[in-house]
Amino acid sequence: MTNLEIQCFPEIMAAPPQTHKVFLYIRNRLLQLWLENPKMQLTIENALKQIEAPYNSDGPLAMRVHSYLERNGLINFGVFKRVKPLPAKKLFKVVIVGAGISGLSAARQLQLFGAEVIVLEARDRVGGRIATFRKGNYVADLGAMVVTGLGGNPVTTLSRQVSMELHKIKQKCPLYETNGNNVSKDKDEMVEREFNRLLEATSYMSHQMDFNFVNGKPVSLGQALELVIKLQEKHVKEKQCEHQRHIIQMQEKLKKNQNQILSQRDKVEHLHNQYKDFKEVKQPRDITSEFLVRSKLRDLNHSCKEYDQLLEQQKEIEEKLHEMESTPPSDVYLSSRDRQILDWHFANLEFANATPLSNLSLKHWDQDDDFEFTGSHLTVRNGYSCVPVALSEGLDIKLNTAVRLVDYTATGVKVEAYNTRNNGNTTIIKSDACLITLPLGVMKESVRPAPPKPSPNRVIFSPALPEWKTSAIQRMGFGNLNKVVLCFDRIFWDQNTNLFGHVGSTTASRGELFLFWNLYKAPVLLALVAGEAAAIMENVSDDVIVGRCMAVLKGIFGASVPPCKETIVTRWRADPWSRGSYSYVAAGSSGNDYDLMAAPVSSIPTIPGQAPNPSNMPRVYFGGEHTIRQYPATVHGAMLSGLREAGRIADIFLGAPYALPPQPTIPTVPPQAATPVVTLT
């Protein structure tokens, strides 16, 4: 059982193992029935017919489990045929701000639960940061474009409900240098191994050495990586110094050896002269003279042997010295070429997080890694916008309508909005609750001090959001990633690869057009701009950016690259309705901030996670990819947050249909008063 199931079914946890088994069977069978046919609403009546005996004997438990799964968006979500009509009488009213994937998912669920739902969207289209460029045969996603694995992903269910043309992305990615040369596989793999070693080293520094603050300030991943690189460079210098010390030691050893050779040679010559003198004594020699001759010969032989050994030692020392001098350690940790390739891998990491590495929290930047889905990454060849368009069908959506004020009290919410086309036609909508699915970038605009000139995307909350909420908004990071869409009349790249990389010449420009995607049937390339370059190039004209793209492509493929037929350059940071691409864990932030972002607020400030008070019910709720710590910065995360908030709002306004019915209480008879005893005397 999951933690949420334990909270919702406490009596099951306290029951015998057989009851656990029944619960798990019913839950898994209902999920199986839904996944077998997600195009049709799964009602409890139809489900009960397909639950095998003896598990179908507990009808009330099956109904509760079904209600739990539906309320929490585990079944009957997305685009499906309703077997039961929507409730005619609307039980409560909700205004949803934002028609992105989060807002649309929540709207459909709340509609299913019997709510009157109005969705307000400032743009002239639905989808938010899911946006697809379409012109003739050309298709390209300007925002979200990758499905990160199908195993366990709710987008898998959507892909069976909506006509999504999923295509597996081949991970092979050849790298090209600025001069057009292909980076060899061995070189790329060597640098990638070093890249992974650097990340492992920073993880060790953070989690094992607790190196997370310097002078009271949180350390970023970028700081830690550069520190490890400097330590590696220092280690290289130390190895060089050590190598020189060894050479000097060998030279001293050689010098000593040569002095010994000279001394030994003098000794040999001296002994040889003595031997020669003694030997010249005329025969017959007396015993003393013979002894002197033979002893000198022995000494001479011994000295010659020592001399030969010293010569052999000299040869060995000279060979070792030559080997040491001919194979010195590297004079740099990474060559300039290696550093360029390493910077490409850093740029790829900056793309994944939509921000320079210097902004990421060293300790928490990868806090969601354990929740990744299984399977290959895929792209939607017919454009991701098909999903929000399908989800929007049947909903009351007011486009070109931006919210200016969210006024919430203990009894309800008043939302004031205006028409973005003419900046007029103010609309006031009253509701029981309001779900805010604005991007974090827009939320940041809303909590900054009021600018001198009114900002069109600034939402005023009255009363102001509590300090714990605004602090989380300010701590969290909201990144930027831009794309350049290049449409051609023919394909001139390798059709068998979906990706190819461009290695920049400097660290500062490493994210500029560093990766090209080939994903669609038509001859379209998507060039990515990440890291520092994403912000810099927002201030550069389209012509200059497209010109840079063409220069890079001609450097790789030659002068025969044809001119572009169509081009689009995104500027997500400048977009007033997004102010960036997606969230990241900034230095000083943590996964807990995602939970704070998800917590609803009441007119009277409460502590996050506190049980709702009937006299101070939460009125403003929050969804979006920046409110789900397990799956941030993803389409499925945004969708799951919408399903979560729809269930939360329905539980608060309708009650939990899966809760254990209250047990009737048996009145107890108060004990009778004791009869006073009268004593007769």
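In the predicted model, strand β1 (residues 92-97) and strand β15 are paired in the parallel sense through 4 bridges, and within this pairing valine 94 stands opposite alanine 433 of β15. Strand β15 is also joined by 3 bridges to strand β24 (residues 620-622), with the two running parallel; here cysteine 434 lies opposite valine 620 of β24, and leucine 435 lies opposite tyrosine 621 of β24. These pairings belong to an open sheet of 5 strands, in which the order is β11-β2-β1-β15-β24 and the pairing is parallel. Because β11 (397-398) and β24 each have a single partner strand, they stand at the edges of the sheet, and one side of each is left without a neighbour in it.

Strand β15 (residues 433-436) is covered on both faces, with Ala433 and Leu435 buried on one side and Cys434 and Ile436 buried on the other. The largest nonpolar core comprises 65 residues, and those with the most contacts inside it are Ile96, Leu110, Met164, Tyr384 and Ile649. Helix α18 (residues 635-654) gives the most to this core, contributing 8 residues. In soluble globular proteins, nonpolar side chains tend to be buried together.

The surroundings of isoleucine 649 link several of these elements: when neighbours within four places in sequence are left aside, this residue is in contact with Phe92, Val94, Leu110, Ala433, Leu435 and Tyr621. Of the 20 residues of helix α18, 14 are buried, and the helix is therefore largely enclosed by the rest of the structure. From its first C-alpha to its last, α18 reaches 28 Å over its 20 residues, which is close to the 28 Å expected at 1.5 Å a residue. The helix is followed by glycine 655, for which phi is positive, near 85°.

With regard to the cysteines, a search of the whole structure finds 0 disulfides.

Methods. Residues are numbered from 1 along each chain as its sequence is written. This is a predicted model: local features need pLDDT of at least 70, side-chain atom pairs count only at pLDDT 80 or more; totals for chains, interfaces and linings use all residues. Side-chain values use heavy atoms; hydrogens and water are left out. Buried means under 20% relative accessible area, exposed over 50%, partly exposed in between (1.4 Å probe, protein chains only). Two strands pair if DSSP finds at least two bridges between them. A nonpolar core is a set of buried Ala, Val, Leu, Ile, Met, Phe, Trp, Tyr and Cys residues joined through side-chain atoms within 4.5 Å. Contact means heavy atoms within 4.5 Å. A disulfide is a pair of cysteine sulfur atoms within 2.5 Å. The expected span of a helix is 1.5 Å times one less than its number of residues.
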